[in-house]
Amino acid sequence: MRKLISDTIFLRLFLLLFVTLSISHFVGMEVFSSFGHNNHAVDPDHLRPHPFRIVGFVVRLSGIALAAWIAARWLSRPINQMAKAASELGESLESAPLDETRGPSEIRQASIVFNQMQSRLKLQMAERNRFLAAVSHDLRTPITRLKLRAEKIDSQDLQKHVQDDLNEMTAMIDATLDYLRGDGKPESSCLLDVAALVHSLAEDAGERGEIVTVSGMAQPIMAQPMALQRCLNNLVENALRYGNRADIRLDDKGDKLMIAIHDAGAGIPEDQLEAVFAPFYRLDQSRSRHTGGVGLGLSIARDISQKMGGSLVLKNAPEGGLIATLLLPKRQ
């Protein structure tokens, strides 16, 4: 039954008011009717249902339902506004604050606390961004000096190893800072030709000598271009790194767009399909410097998909390899 009728505050208030008003109304009518019958002879024809009485009953019941609907809507409106504000805050800290002068006293007090929380979050994010900028500068400066000094090393093998270590450190720093900056101001959405974007990624990979195929069609959707490109880049690079190839399939599914990326690797143990989305998590066999990444690619990809209202899941294909399935809503 709950699947058919949504359990909301509005519905609860409506049913409460409707039942209360109905009981009070008809109990009052019965009391007055009984009082009148005790003082006058009961007419059998009077007790017989009359069409006008039925019409009157329906009209009174409709009036009660209308009054309960208006009252329930009036009572639940401030709560709905707060829920909407909380949802907008989850998408962007720059969302408009709540009006602290409207609604009952409890809602006004909750609005004040909500706006204070939003202000504190904005201050914390600004402080974190300043910290990231300082860390980025403080870490890059000594690494740059070390790269310059490494060029003076006489042994070519030692010089190469040192430069590889420094490049790996730089990549880790860039990936980490990029991941931490992901909660900044969101990119604006626009109508994006996802098929063209995917074909462009495949062509770029082909120019580098990598195998990326594309099949299926997709209608343009509302999305964040740079964010989606970054998400798909991470998934394709992950497929190429561990599966040697990436077969991308596009499929329009009603109100969602499915992008499935299938590689030809060994897959992932079933008990680790969810764990690999954790930041900095890497499988044991991928810890090699030549094949293992920093451990943020899948975390960033899932974070982007969720911010666009979609989802990202991994599963092992029956014929072998790993399939990363990205589902995006077709918002207009």
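**Figure 1. The whole chain at a glance.** The secondary structure of this protein comes to 8 helices and 7 strands. What you are looking at is a predicted model. Of its 332 residues, 28% count as buried. Take the contacts between residues at least 6 apart in sequence: 65% of them join residues at least 24 apart.

**Figure 2. E2 beside E4, and E4 beside E5.** Here E4 can be seen with a partner of each sense. E2 and E4 pair in the parallel sense over 6 bridges, and Val214 stands opposite Ile248 in E4. E4 and E5, by contrast, run antiparallel and are joined by 7 bridges. In this second pair, look for Leu250, which stands opposite Ile259 in E5. E4 and E5 also form a hairpin, with 2 residues between the strands. Gly254 sits in that turn and has a positive phi of about 60°.

**Figure 3. E5 beside E7.** Strand E5 (residues 256-262) pairs with strand E7 (residues 322-329) in the antiparallel sense, over 7 bridges. Ile259 is a handy landmark here: it stands opposite Leu326 in E7.

**Figure 4. Asn244, a residue with a positive phi.** Asn244 lies in the loop between H7 and E4. Its phi is near 70°, a positive value in a residue other than glycine. That is worth a second look, because most residues other than glycine have a negative phi. Is Asn244 buried or exposed? With a relative accessible area of 59%, Asn244 is exposed.

**Figure 5. Ala264 and its contacts.** Ala264 has its place in the loop between E5 and H8. Leaving aside neighbours within four places in sequence, Ala264 is in contact with Gly243, Arg245 and Gly321. Ala264 and Arg245 are 19 residues apart in sequence, and their C-alpha atoms are 6.1 Å apart in space. Ala264 counts as partly exposed because its relative accessibility is 48%.

Figure 6. Several residues of helix H8 (residues 297-307) are buried, including Leu298, Ile300, Ala301 and Ile304. Arg302 is another of the buried residues of H8. Just after H8, Gly309 takes a positive phi of about 80°. If you go looking for pairs of aromatic rings, the structure holds 0 of them.

**Figure 7. Ile112 in helix H4.** Ile112 belongs to helix H4 (residues 105-150). Ile112 and Glu100 are 12 residues apart along the chain, with 5.9 Å separating their C-alpha atoms. Ile112 counts as partly exposed because its relative accessibility is 27%.

**Figure 8. Two cysteines, Cys190 and Cys231.** Cys190 counts as partly exposed, at 33% relative accessibility. Cys231 counts as buried, because its relative accessibility is 0%. How many disulfides does a search of the whole structure find? The search finds 0 disulfides. A disulfide, as a reminder, is a covalent bond between the sulfur atoms of two cysteines.

How values were computed. Residues numbered from 1 in each chain as written. Predicted model: local features only at pLDDT ≥ 70, side-chain atom pairs only at ≥ 80, totals over all residues. Heavy atoms only, no water. Disulfide = S-S within 2.5 Å. Buried < 20%, exposed > 50% of the residue type's maximum accessible area, 1.4 Å probe, protein only. Phe/Tyr/Trp six-rings, centres within 6.5 Å; stacked < 30°, edge-to-face > 60°. Helix = DSSP H or I, 4+ residues; strand = E, 2+ residues; numbered from the N terminus. Pairing = 2+ DSSP bridges. Contact = heavy atoms within 4.5 Å.
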